[in-house]
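Hi everyone, thanks for coming. Let me put the structure up on the screen, and then we'll walk through a couple of helix contacts together.

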Amino acid sequence: MSGTSGISGAGAGATGGRRRSGARSGWNLVGLLVFFVVGFPVYWMVNTAFKPAKDAIDPDPSLLPTGLTLSNFRRALDIADFWGPVGRSLIVSVSVVAIGVVVGMLAALAISRFAFRGRKIVIVGILAVQMIPLVAMIIPVFLLLNDLDQYDKLTGLIITYLTFILPFTVWTLRGFIVNIPRELEEAAMVDGCSRTGAFVRVVFPLLAPGMVATSVYAFIQAWNEYLYALMLMSQQNQTATVWLGNFTTKHGTEYAPMMAGATMMAVPIVVLFLFVQRKMAAGLTAGAVKG
């Protein structure tokens with residue numbers, strides 16, 4: 001009788017193992033499908049960037065590159081100033097990230113660690129601001145910047161980007177700070193640290209991965225923003241995203257050089273990810289537990 005029970009238990013265990021293996025295989029297939037769906041536009045952009053211009057407009061395109069050329073990149077660099085818009089985009093993006101992360105960290109720390117009147121209203125306000133479509137604010141922002149003499153200036157564009165980057169950084173960093181136990185700060189203060197010293201020595205090192213993850217996503221938002229850069233900056237002060245519009249003229253769109261320009265624009269983002277990918281993974285894991 002006991003032998004029969006053992007055989008039944010072994011059979012059940014084998015069945016359960018097969019089910020788990022089948023479920024794992026199914027999720028792997030779903031992951032591969034998502035990867036191909038998300039990655040195909042990137043592949044097509046790079047593929048088109050290296051195609052001859054005539055192949056880029058072929059009505060029956062080939063999924064695999066048939067011929068490689070660098071002429072599209074030379075055309076992209078010649079059609080309009082490239083380094084000027086890229087430099088302006090870097091200045092704006094880095095400035096927005098630096099200001100947004102510092103101010104957002106202080107605001108997130110205040111919301112997470114201090115009890116003050118109106119705290120819940122502030123939290124709800126941060127969420128409400130993120131729900132407002134950016135296109136709905138373009139006219140008020142234009143009028144305000146014009147009154148402040150910040151129209152067609154990088155400082156005005158930085159201030160504008162901070163209006164939607166700051167709520168994002170505050171809310172994201174709040175989630176990371178909430179995951180850091182208060183007892184660590186209290187123990188450091190008992191050992192003689194001031195509140196500031198406890199934050200610098202205890203909280204800040206634990207918060208660093210979250211700040212890196214938040215900085216990367218804030219940088220991507222600022223780097224890829226198009227609407228405000230188009231409406232608030234003249235052609236002489238255009239950013240990299242607006243610069244891509246130079247490939248559309250009255251004679252048509254030069255798709256191959258445009259894809260070459262988009263590929264060059266993606267390089268800073270890729271380099272940034274390569275440098276901070278480990279911190280990114282740690283930060284995303286830390287912020288996904290609670291908060």
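At what angle do helix α4 and α9 pack, and how far apart are their axes? Before I answer, please keep in mind that this is a predicted model. Okay: α4, which covers residues 83-113, packs against α9 at about 140 degrees, and the axes are 9 Å apart. Angles over 145 count as roughly antiparallel and 65 to 115 as roughly perpendicular, so α4 is oblique to α9. The crossing of α4 and α9 is right-handed.

Now let's see who is touching whom. On the α4 side, the contact includes V86, S89, L90, V97, M105 and L109. From α9, the partners include F199, F204, L207, M211, S215, F219 and W223. Sorted by class, the contact of α4 with α9 has 16 nonpolar residues, three polar and no charged.

Let's move on to the other contact on α9. Helix α8 runs over residues 182-190, and α9 over residues 195-224. Their axes come within 9 Å and cross at roughly 140 degrees, which makes α8 oblique to α9. This crossing of α8 and α9 is right-handed.

Which residues meet here? From α8 we have L184, E185, A188 and M189, and they meet R195, A198, V202, V203 and L206 in α9. By class, that contact of α8 with α9 has seven nonpolar residues, no polar ones and two charged.

So, to wrap up: α9 packs with α4, and α9 also meets α8.

Notes:
Residues are numbered from 1 along each chain as its sequence is written. This is a predicted model: local features need pLDDT of at least 70, side-chain atom pairs count only at pLDDT 80 or more; totals for chains, interfaces and linings use all residues. Side-chain values use heavy atoms; hydrogens and water are left out. Axes are lines fitted to C-alpha atoms, for helices over the stretch in contact, and angles run from 0 to 180 degrees between N-to-C directions. Helices (H or I, at least four residues) and strands (E, at least two) are DSSP runs, numbered from the N terminus. Angles under 35 degrees count as roughly parallel, over 145 as roughly antiparallel, 65 to 115 as roughly perpendicular and the rest as oblique. A crossing is left-handed if the near helix is turned anticlockwise from the far one by less than a right angle, and right-handed if clockwise. Contact means heavy atoms within 4.5 Å. Ala, Val, Leu, Ile, Met, Phe, Trp, Tyr, Cys and Pro count as nonpolar, Asp, Glu, Lys and Arg as charged, and the others, Gly among them, as polar.
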